Amino acid sequence: MTDRPGAGWALDYDRLISSRARGIDASGIRRVFDLAGQLEDPVNLSIGQPDFPVPEPIRRAASEAIADGLNGYTVTQGIAELRQRITGRLAGELPHWQPASGEGVADGYQTLITSGVSGGLVLAIMACAGPGDEVILPDPGFVMYRHLVTLAGATPVPVDTYPDFALTADRIEPHLTERTKLVLFNSPSNPTGVVATADQCRDLAELCARHGVLLVSDEIYDAFCFKGSGDLAFTSPAAYSEQVLILRGFSKSYAMTGWRLGYAAGPAPVVSEMTKLQQYTFVCAPSMVQVAGVTALETDISGRIREYQARRDRVVDALGNLYELTRPGGAFYAFPRVPERLGMTATAFVEKAVTEHGLLIIPGNVFSDRDTHFRLSYACADDMLDRGLSILQQMARA
Ligand code: PMP
C-alpha cells in the first residue's frame, strides 16, 4: 500500500472529525433509504420535492442568462432586479413594509437572496444563536432545524405540537426563557401539511415581540395552500409584527429544488448580519438562477396547486377512516398515526411497509422525539399515490 501517496501518514479520522459533525445522527433516514436501495420498483411516497418540471419560461431564462455570460459572482445581497420584485411583492402583502413615499420598502427592512431556504436558515441561526442561547422549534418539524441550532452551538428547545400540530403561543410560552433567541415557525408545515390560522399567527407574533424574541417564519410552502372547503388561506405572522424574519423559497413553488434559490426578508439589523455571513460563506446565490428567479415570480403555478389539492383529497378520503390523521391544508405531506392496536413503533411500521410491500415512507422519529406517526408525500404521480394508499389501507386493516 506504500505506493499510495501519503499512505505512510494515515490520518486519524476519529481525532480529525469534529464533535459537531459527529453529533449529527442521520441513521434513521439512512436506514429507510438503505432498505429502499434494495427495492426494484418502490412505491415511493417519501420524496420532498414537486413532481412537475420547472416551468419552461424559467428554464429558458436560466439558459439565456448562462449564454449571455451572467456566470460571475453577483453582489452578496443578490441582483437588484430580483430584490426589487421581492420587496414589491412584500410591500403589497404587508402594509408595514410599504414605504412612506416612493419605491422600495419602509425603513428598517432589508432583503437578502439566499441559496435556498436552507441557506437562509443557516445564516439566520448563525447570525442570532450561539452557545448559551436557546431556539424554540416545532416537534414534529423540518429535520434541518435541530441540527442547525446544534451546529451553531445553541440549544434546540422542541415544543410538542401533537396531536393537531399547531405551534401556538400557548404551547410556546412555558418554554420561553431569558436565553431564548429565536422561534422557528413553519406553516404550511413539513412534515404535517398543517396550515396555521390567522389568529395563531397573530398570537405567536405578538408573544415573540413582547419577549424580544425573533420569530423566523419558514414560508417555503406558502404557495401550497389549498382552497377547498375547510382550508385556510396562507397567513404570514409578519402581517402582525415587524420583528419577523421571513424565509421564502423557489424550490417547492417552481420545482427548482436543485437550483438553490430563496430569500430572507425582515429587520435590517438581522438581515445585514446575515449578509455579512453570506459574504464569507455562500458568497451569493447562483447568478443565472437569480436571473431566472425574476421570471419565476411572474409564473402562474395555480394549476399545479389544484393538482396537489386533488391528491390531498385522495389521501384524506383513503386514510381518514383508518388512521388518526390531522387534515393537511397545504404543502404536499400527510402525517398519519400508526394505528395503536398494531402495537408498533413508526420505525417498525415503516420497515414493514418497505420490506413487505415495497412502500417508502418516512418514520416520524426523523422529525420528532416521538416514533408514533409517519410522513407520506403525495408529490408523485397519481397511480403511484393510489398504489401507496391501497398498501396503507391494507396495512391498517391487518
Ligand atoms: N424548510 C422546509 C420546511 C423544507 O421542507 C425545506 C425542504 N425540504 C427547506 C426549508 C429547504 O428548502 P430549500 O433549501 O430547497 O429552499
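In which segment does leucine 11 lie? Leucine 11 lies in the segment before α1 (13-16), where helices (H or I, at least four residues) and strands (E, at least two) are DSSP runs numbered from the N terminus. The model is a predicted one, in which local features need pLDDT of at least 70 and side-chain atom pairs count only at pLDDT 80 or more, while totals for chains, interfaces and linings use all residues. Residues are numbered from 1 along each chain as its sequence is written, and side-chain values use heavy atoms, with hydrogens and water left out.

Aromatic pairs, in which the centres of Phe, Tyr or Trp rings (for Trp, the six-membered ring) lie within 6.5 Å and planes under 30 degrees apart count as stacked, over 60 as edge-to-face and the rest as tilted, come to a count of 17. Tyrosine 308 and phenylalanine 332 form a tilted pair, with 5.7 Å from centre to centre and 40 degrees between the planes. Because tyrosine 308 belongs to helix α12 (residues 302-319) and phenylalanine 332 to the loop between α12 and β9 (333-334), this pair ties together parts that are 24 residues apart in sequence.

Arginine 311 lies over the face of tyrosine 308, at 4.9 Å from the ring centre, the criterion being NZ of Lys or CZ of Arg within 6 Å of the ring centre and within 35 degrees of the ring normal. Arginine 370 lies over the face of tyrosine 162, at 4.1 Å from the ring centre.
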